[in-house]
Amino acid sequence: MSKRKHLVAPSVLSADFAHLHDDIVMVNQSEADWFHIDIMDGVFVPNISFGFPVLASIAHYARKPLDVHLMIVEPDKYIKQFKEAGADNITVHAEACTHLHRTVHAIKELGCTAGVAINPSTPISQLHEIVDDVDVVLLMSVNPGFGGQKFIESTYRKIRELRALAAERNDSLLIEVDGGVDNHNALALLKAGVDVLVAGNFVFAAKNPVHAIAELKRMTPDLISV
Ligand code: DX5
Ligand code: ZN
């Protein structure tokens, strides 16, 4: 049994892109741990976000690690460029990788930590042969593509199943949950075994984003069993 302090990663997708610098400074000055950066290609997901120049600009001002979530097909083609643009962690979707083991190790060879994301309809069993190799597993709790969607409740079951798998196979694994996270479900997510809370709309649509981040950060489950 161990207690680990959870991390909070505001999702820049919900920031005001015309005033991105202000939002980066806000996150720098907040209790947030990481910047969560969503890259969408319009093929893997039905939306397009932004690419290398924007990521490099964020990296220039960010004073916290950049957690880059690639919602793109053929990520192998671009991981080096994402590293060069400033990514610290690179997460790829299992559904987008034919040779997931190769992709994960290519990310690590670049000097980044490596994450694997799965969609709501993808079972935890898909991670069985990769869980030892990754630093992060990102569980999508909405269908990827957009901020501000409703949290999918079956995610709790997947978190518990993954927590049990991690206890057996990879004790340092970080379990990240992404989509529809707010002050109503954060505590239950932490109790189920989450290490990293991603929050877009809850942070950036808040009257006071710094307070919203602090609220997520101060949630303290009595016991996180691992
Ligand atoms: C969705 C993205 C999420 C999104 C989260 O495809 O991966 O990171 O920005 O936003 P909220 O917290 O608003 O659901
Ligand atoms: Zn994301």
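Reply: H69 is buried, at a relative accessible area of 1%. This is a predicted model: local features need pLDDT of at least 70, side-chain atom pairs count only at pLDDT 80 or more, and totals for chains, interfaces and linings use all residues. Residues are numbered from 1 along each chain as its sequence is written, chains are lettered from A and ligands numbered from 1 in written order, and side-chain values use heavy atoms, with hydrogens and water left out.

Me: Why is H69 called buried?

Reply: Buried means under 20% relative accessible area, exposed over 50%, partly exposed in between (1.4 Å probe, protein chains only). H69 has 1%, so buried applies. H36, at 0%, is buried too.

Me: What makes the arrangement around the zinc ion (ligand 2) octahedral?

Reply: Donors are N, O and S atoms within 2.8 Å of the metal (3.2 Å for Na, K and Ca); water is not among the atoms, so sites may look incomplete. H36 (NE2), D38 (OD), H69 (ND1) and D178 (OD) coordinate the zinc ion (ligand 2) at 2.1 to 2.3 Å. Six donors count as octahedral if opposite donors are over 155 degrees apart and all others between 65 and 115. Here 6 donor atoms subtend angles of 70 to 170°, which makes the arrangement octahedral.

Note on methods. Tetrahedral: all angles 85-135°; square planar, octahedral: opposite > 155°, others 65-115°.
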